[in-house]
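Here are a few exercises to work through with the model open in your viewer. Try each task yourself before reading its solution.

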Amino acid sequence: MKHVLVIRPDGTIKQRSWPKGTNEQLHFLQEQVGGYIETVRTGTPGIIMIVNEEGLIRGLQYNELATRVYLEGLGASPIMGPAVLVRDAGEEFDGMDTSDANLMIGHLFELKEQEVHA
């Protein structure tokens, strides 16, 4: 089974099962971010982040942890609303296997610690 990680604006991280069908995947991602999707880079090779394309315009809540992940990938804008971390599969997205998801969760908790000690 493959997984994705959802980073909520309140800093919580949820591991969710990745749907199998392409149409189901798009619907799942749109549901998680609350609208049209946009991809942004992260600092972790092979992992991209899916965000709400209109998050800033719609005034969604600032997501500090997702913004930190984006800044690692040399992003410059704040991330607003929930964000989903997925595996970059070229022209498509894919879920992470359990070990990759667990490594990414560990990295996210390290980023949260830096937030506290900054």
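A residue counts as buried when its relative accessible area is under 20%. Please keep in mind that this is a predicted model.

**Exercise 1.** Find which residues of α2 are buried.

*Solution.* Start by applying the cut-off along the helix: Leu65, Ala66, Thr67, Val69 and Tyr70 are buried. Next, recall that an α-helix has 3.6 residues a turn, so residues three or four places apart point the same way. Finally, step just past α2, where leucine 74 takes a positive phi of about 70 degrees.

**Exercise 2.** Work out which elements build the largest nonpolar core.

*Solution.* First take the core itself: it has 20 residues, and Leu5, Met49, Ile79, Leu85 and Leu108 have the most contacts inside it. Then assign elements: β1 (3-7), β4 (47-52), α2 (64-72), β5 (83-89) and α3 (98-117) each supply at least two residues. Of these, α3 gives the most, with 5 residues. A separate second core has 10 residues, including Leu29, Val33, Val84 and Val86.

**Exercise 3.** List what isoleucine 79 touches beyond its neighbours within four places in sequence.

*Solution.* Going up in residue number, the contacts begin with Val40, Met49 and Val51, pass through Gln61, Tyr62 and Asn63, and end with Ala66, Thr67 and Tyr70.

**Exercise 4.** Describe the largest pocket and its lining.

*Solution.* Begin with the space, about 200 Å³. Among the 14 lining residues, Glu38, Asn52, Glu53, Ser77 and Pro78 are closest to the centre. β3 (37-41) and β4 are the elements giving two or more residues to the lining.

Conventions
Residues numbered from 1 in each chain as written. Predicted model: local features only at pLDDT ≥ 70, side-chain atom pairs only at ≥ 80, totals over all residues. Heavy atoms only, no water. Core = buried A, V, L, I, M, F, W, Y, C linked by side-chain atoms within 4.5 Å. Buried < 20%, exposed > 50% of the residue type's maximum accessible area, 1.4 Å probe, protein only. Helix = DSSP H or I, 4+ residues; strand = E, 2+ residues; numbered from the N terminus. Contact = heavy atoms within 4.5 Å. 1 Å grid on protein atoms, 1.4 Å probe; cavity = no way out; pocket = protein on both sides within 12 Å on 5 of 7 lines; lining within 4 Å. Points joined across faces, edges and corners; volume = space filled by probe spheres on them. Nonpolar A, V, L, I, M, F, W, Y, C, P; charged D, E, K, R; others polar.
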